[in-house]
Amino acid sequence: MLKNAYLRRVYDQVLARDPNAPEFHQCIREFLESLEGIADKHPEWEQNAILERFVEPDRIITFRVTWVDDAGKVQVNRGYRVQYNSAIGPYKGGLRFHPSVNLSVMKFLGFEMNLKNGLTTLPIGGGKGGSDFDPHGKSENEIMRFCQAFITELYRHIGQFTDGPAGDIGVGSREIGYMFGQMKRITNQFDAATLTGKHLSYGGSLVRTEATGYGICYFTDEVLRHQLNTSFEGKTVIVSGSGNVATYAAEKAMQLGGRVVCMSDSNGYVHDPDGIKLDLIKDIKQNRRARIKVYADEVPGATYHEGCRSIWDVPCDVALPCATQNEVDVAEAKKIIDGGAIILTEGANMPCTLEAVAMLQAAGIPVSPAKAANAGGVSTSALEMTQNSMRLSWTFEEVDERLHNIMRGIYKAAYDASVEAGQPGNLVVGANIASFLKIADAMLHQGIV
Ligand code: NDP
């Protein structure tokens with residue numbers, strides 16, 4: 001329960017305005033709780049309604065997406081773009097195509113994106129978008145027709161100085177390509193810096209594919225070294241998910257000396273005590289677009305278990321939930337603690353419930369929040385925009401080094417803010433405060449808008 005009267009009033013207003021938005025309520029509550037220790041020192045926030053403005057998106061766009069399936073039947077989905085806050089730069093944030101997409105999820109993701117982007121040190125505001133379209137089981141042509149229909153509506157609201165979408169769940173470089181092509185066809189402009197996550201052949205950045213996962217491990221490595229005086233070397237690692245984030249988090253964890261023993265998809269998980277063979281996971285998920293179950297059929301000694309949440313039955317030192325929101329609740333947190341984990345880093349956006357985070361922290365396990373730990377993806381998206389604007393391309397090593405430095409900087413900013421808030425090492429609090437203070441300052445300088 002929030003103790004500060006202003007924070008409580010802002011939260012109550014959010015609940016009253018958006019009564020059916022559990023994901024949105026959850027992230028707002030976590031954020032406001034982080035400000036408890038410092039809100040009294042900032043009367044200018046209430047005077048200028050900074051928090052009321054901060055929790056309310058600048059703009060929400062919803063639209064119908066009409067497309068034709070392979071059987072000739074007309075299909076209708078709903079599209080969204082939440083343009084949350086542009087105090088420090090144009091809106092930036094991914095597009096998610098998944099049946100669970102609704103306004104609550106979009107607003108939660110947009111709000112988190114804004115805080116995340118504020119941490120990156122780069123000039124990007126926050127936004128998020130997507131559709132309740134389910135890409136599973138769709139043909140290549142259906143995916144293309146859907147993407148073309150989606151961007152035909154969205155293109156008029158975006159642009160490199162307004163809003164730059166990127167990928168997220170269900171949206172990879174294939175989908176970005178279809179959207180880019182359609183947008184170019186409509187506008188007759190090769191506006192490379194608007195959509196990021198592009199293929200390398202027409203303006204994509206090296207490292208963008210790996211960036212979120214690599215960044216998660218760079219961040220985890222900072223926490224391991226700075227707070228626990230250890231490293232990935234010899235640690236048992238569990239990575240949930242097997243999409244973009246999970247795959248490259250697993251790759252970097254292995255490069256840093258960890259042994260990844262489990263990965264999952266939305267049906268179940270595989271356990272390979274000898275260490276996951278990542279090339280096979282990539283082949284199964286990226287080339288064959290098959291279920292992770294196939295891994296256990298092809299690797300002697302590996303087992304498949306139905307139900308993705310039970311991945312935490314397996315003990316580990318380093319827990320990297322990289323699949324989706326709220327995949328770790330108290331039951332899973334308890335298993336992670338009982339399994340002897342020393343650290344948990346949120347790879348997916350908000351993969352842990354508030355209760356799970358509290359439980360892990362109470363057990364002395366440092367929790368790195370998604371908005372800090374997975375900011376490597378959007379940071380590299382912004383580096384992609386920079387390269388597009390400069391009309392040149394950096395090498396893999398150059399981008400990777402910038403990414404590594406950004407992740408170090410984010411860790412330092414979050415840690416320092418946690419110290420200033422009187423909760424040293426509480427990176428959940430530190431990340432929220434560090435980002436909010438920066439964005440709030442920009443809002444105050446820009447007057448009543
Ligand atoms: P992908 O679509 O590439 O992969 C998602 C993975 O999660 C798949 O393995 C999928 O399994 C699994 N999954 C989806 N829904 C569930 C569920 N309900 N329960 C268990 N597993 C599930 O997405 P990304 O890897 O890009 O994104 C993962 C998370 O990271 C999301 O929260 C996203 O917002 C966040 N993120 C992504 C960034 C990026 O750069 N891609 C940047 C920052 C954050 P299946 O194959 O069965 O669908």
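Where is Asn-326 found? Asn-326 sits in the loop between strand S10 (318-321) and helix H12 (330-338), where helices (H or I, at least four residues) and strands (E, at least two) are DSSP runs numbered from the N terminus.

## Basis of the model

This is a predicted model, in which local features need pLDDT of at least 70 and side-chain atom pairs count only at pLDDT 80 or more, whereas totals for chains, interfaces and linings use all residues. Residues are numbered from 1 along each chain as its sequence is written, and side-chain values use heavy atoms, with hydrogens and water left out.

## Loop residues with positive phi

Asn-326 has a positive phi of about 55° although it is not a glycine. Met-350, also not a glycine, has a positive phi of about 50°, and this residue is found in the loop between strand S11 (343-345) and helix H13 (354-362).

## Surroundings of the ligand

The ligand is surrounded by 26 residues, the closest being Arg-96, Asp-168, Thr-212, Ser-266 and Arg-291; a residue is counted if one of its heavy atoms lies within 4 Å of the ligand. By class, this shell has 6 nonpolar, 13 polar and 7 charged residues, where Ala, Val, Leu, Ile, Met, Phe, Trp, Tyr, Cys and Pro count as nonpolar, Asp, Glu, Lys and Arg as charged, and the others, Gly among them, as polar. Helix H8 (208-228) and helix H9 (244-255) each supply at least two residues of the shell.

A polar side-chain atom of Ser-266 lies 2.4 Å from an oxygen atom of the ligand, while for Val-245 a backbone N or O atom lies 2.9 Å from a ligand oxygen. Taken alone, the ligand exposes 890 Å², of which the protein buries 85%, with accessible areas from the Shrake-Rupley method and a 1.4 Å probe.

## Packing of helix H2

Helix H2 (residues 22-34) packs with helix H17 (residues 427-445) at an angle of about 85°, their axes being 8 Å apart; axes are lines fitted to C-alpha atoms over the stretch in contact, and angles run from 0 to 180 degrees between N-to-C directions. H2 is therefore roughly perpendicular to H17, a term for angles of 65 to 115 degrees. The contact (heavy atoms within 4.5 Å) involves Glu-30, Phe-31 and Ser-34 of H2, and residues of H17 including Val-428 and Phe-436.

H2 and helix H5 (residues 103-119) pack at an angle of about 25°, with their axes 6 Å apart, and are therefore roughly parallel to each other, as angles under 35 degrees are classed. The residues of this contact divide into 9 nonpolar, 1 polar and 3 charged.

Technical notes:
Polar contact = N/O pair within 3.5 Å; in protein donor to acceptor, adjacent residues only side chain to side chain. Parallel < 35°, antiparallel > 145°, perpendicular 65-115°, else oblique.
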